[in-house]
Amino acid sequence: MKRHVAATLLGVLGVLIIDSHFDWVGHDNGTLLEVNGQQFDPKGWIAEHWRQLHQDCRPVHDDIATPTKATAILHTIQQHSLPDSLEATLLELHTQAEWAIAEVAFKTLNPSIVVLRQTHGDWNIQENAVWSGSTAPWLAADFVRRYLRQQAPDLPRALLHCVPIEGNRYAFTASRTGL
């Protein structure tokens, strides 16, 4: 067999083998890469790595250890969705100027990421900018950040980009009743 025929045949076989294992699948408002039936979010993966390389967290404060601010924010969250919210505990708290992003855990609810804004000395939950639930099959951090950016467009970019989002808490596929 001539070399160019063998190379062409090898190229065609390679494409067919790859095509039988890899596929782009439309899902919700995006596209996922499917490899042997397993779905991956390459856009989310790239976005998170890009964010990590280009984030500037100097204006963002980790306030979980600041008792007055943490207590005020936790109290606001605990009063928001009674009675389940009464036992909320702070997992993360980050602030920038009059904005805050809190991650909270509950005994009977899914963990949540809550955007708050301080006006006239009081912390107020931004009603539309609360994430709770699964992001599956999307990567949690990028998916939640895009959602919060859409729901709270005035939220400082540095704050949104510097809040750690634990993927394992939000990437589950079955419903949960606690942590």
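This is a predicted model: local features need pLDDT of at least 70, side-chain atom pairs count only at pLDDT 80 or more; totals for chains, interfaces and linings use all residues.
Reader: What are the ground rules here?
Author: Residues are numbered from 1 along each chain as its sequence is written. Local features need pLDDT of at least 70, side-chain atom pairs count only at pLDDT 80 or more, and totals for chains, interfaces and linings use all residues, while side-chain values use heavy atoms, with hydrogens and water left out.

Reader: Which rings pair, and how are the planes classed?
Author: Rings of Phe, Tyr and Trp (its six-membered ring) pair if their centres lie within 6.5 Å. Planes under 30 degrees apart are stacked, over 60 edge-to-face, the rest tilted.

Reader: How many aromatic pairs does this rule give?
Author: Two. Take Trp131 and Phe143: the centres are 5.5 Å apart and the planes at 75°, so this pair is edge-to-face.

Reader: Where do Trp131 and Phe143 lie?
Author: Trp131 is in strand β8 (residues 122-132), Phe143 in helix α4 (residues 140-151). The pair therefore ties together parts 12 residues apart in sequence. Helices (H or I, at least four residues) and strands (E, at least two) are DSSP runs, numbered from the N terminus.

Reader: What about Trp131 and Tyr147?
Author: Also an aromatic pair, edge-to-face: 5.1 Å centre to centre, 70° between the planes. Trp131 in strand β8 and Tyr147 in helix α4 are 16 residues apart.

Reader: Is Trp131 buried or exposed?
Author: Buried, at 10% relative accessible area. Buried means under 20%, exposed over 50%, partly exposed in between (1.4 Å probe, protein chains only). Phe143 is partly exposed at 22%, and so is Tyr147 at 24%.

Reader: Which residues form the cluster?
Author: Trp131, Phe143 and Tyr147 form one aromatic cluster.
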